[in-house]
Amino acid sequence: MLFRRRTLLFVSLPICIVWLAYRHYTSREQSSSSSSGEKKTKGFFNGLIGRATSGGPSSCEGHCGGWAENCWCDESCESHGNCCEDYKSVCKSPKTCPTCPNSEYNCDDWIKWDPSRYSCASLEKDFNCDCTGCTKCDQPPRSNAATLHLLDTKTYPQARCLDGSMAGYYLRRGAEPKFLIFLEGGGWCYDDQCNPPTKAGTLANCRERSGSRLGSSRRWYSVLDAQLTGALSSDPIANPVFHNWTLVYLPYCDGASFSGNQEKDGLHFRGKAILDSVIAETKKTLNIQQAQQVVLSGGSAGASAVYYHIDQVRDDLGVPPGVLYGLPDAGFFLNLPDKDGIDCWPAQMKSLFDNFVTYRDLNKKCLDKFSTEPWKCLYPEYFADLIETPVFALNSLYDSSETRYTLRLNCCPSSNCGGGEYPCSTRDLALFQSMRDKHEEAWKSLISKNNSGVWAPSCIAHTMSWDTWTNAAWSVPADSKNTMAAVVGRWLAGEDDGSHFNYQDPVPYPDNKPCSGTTFGW
């Protein structure tokens, strides 16, 4: 009885192995036609017989990635145990993608995991990977990518981030003789306490910032790609205005809206030196002074820098009138106390500039006008009428940064709060709604000038050109198809549709239903 059981085991085990192998094979070929499947089934069993009778399986030569008549030559054959004998030597040659140092992953793995962060160039430069033979690196680079260029230490010795590392810019060349210079935002460094802020508190915050990518170039990616969306994209559908312009993107690392040029307490407050150096470098290497059009844009703190510096950039470029334009996105910050009457955010900004940056690099005409109150030149409402270069302001009438950090409101002005915050009191709601009138009054002198304008929706937002640039839900007025991209395109072409480039939402929040219904947030 024992013998019969062993005989059954010895006979049935090979049959089971054959059957499982056959099932594995046919499952791979399930999409084939019945006739080809019949042929491959015969080939499969013939291959098994061939292993026993011909002395070995087929070779993987010419079959890498597929079936070699009697065995497999694809990536999964090792786990299934059915590779051809020469699979490793033929299909896994040294030309395949090697793993990176101190890692079990290769370039293809890293890029697949986070394509917005990793590229072949950045992995080789930043992590010493060898991307030779990697599939994703054999492909031509995407046209959207912009490459980092750090400024030369000898040529521009003062162009340094807060921590002293060299600043730089990202470049993506375009087909048109036109340039978009974009100044990245990211707030400012100042004392978190504002009643009153102290020099020591401001210094501590700036020192902390110097260890981040907003204060040091040591953490910058060598390539930007997925981050370049909206008005920064090279996709003509996503960005009909600037897709084929040369992009010069300045990452933000000085903490003071590209202002200042001094070292203090071991930190480099040299934002203006950075901006000046990049302008000089683009003149030398890109011949930007011969461009047909140049747009200086920026978001948030970078947008403030557009207001501060655009006339000086015009002089530095040496371009004739009608070439340089300003396009600040969410930089028209107002000088306002918070909901409790405390001069909070304005005091924080004054502490930064009084103690570390100085005001000397701000708009020159403003400084002449307010020689005893230079802090006023931090707020465009005091000098918008003095800006000589055409400017088109992109700014929400209810800027979420101002409602959160200037007014310090932490309530929800909408009937649909989503459970995140409590509804605004009658007093706080009135303060929130007053933002619309205050903005309209503050930039009146700017948009009344020839060749300048504004696009201002009655929706809660802060910086909009990166994600709602062509979104029809974000039109002013509602349902008009006057998106940011559409009106900026007309403005740059000088095609006035009768609005005189004044696109201010005629209704208060939340009555522009398409955009106010898409998001709520501070």
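L180, F182, A231, F242, S297, L327, L394 and S465 line the largest cavity. The model is predicted: local features need pLDDT of at least 70, side-chain atom pairs count only at pLDDT 80 or more, and totals for chains, interfaces and linings use all residues. Residues are numbered from 1 along each chain as its sequence is written, and side-chain values use heavy atoms, without hydrogens and water.

**Exercise 1.** Describe the largest cavity by volume and by lining class.

*Solution.* 
1. A cavity is a set of points on a 1 Å grid over the protein atoms alone where a 1.4 Å probe fits but cannot get out; lining residues have an atom within 4 Å of a point.
2. Points are joined across faces, edges and corners, and the volume is the space filled by probe spheres set on them.
3. The structure holds one cavity of 30 Å³ or more. The largest has a volume of about 40 Å³.
4. Its lining has six nonpolar, two polar and no charged residues (nonpolar: Ala, Val, Leu, Ile, Met, Phe, Trp, Tyr, Cys, Pro; charged: Asp, Glu, Lys, Arg; polar: the others, Gly among them).

**Exercise 2.** Classify the aromatic pair of Y325 and W491.

*Solution.* 
1. Rings of Phe, Tyr and Trp (its six-membered ring) pair if their centres lie within 6.5 Å; planes under 30 degrees apart are stacked, over 60 edge-to-face, the rest tilted.
2. The structure holds 23 aromatic pairs.
3. Y325 and W491 lie 5.2 Å centre to centre, with 80 degrees between the planes: edge-to-face.

How values were computed
On a 1 Å grid over the protein atoms alone, a cavity is a set of points where a 1.4 Å probe fits but cannot get out, and a pocket is an open set with protein on both sides within 12 Å along at least five of seven lines; lining residues have an atom within 4 Å of a point.
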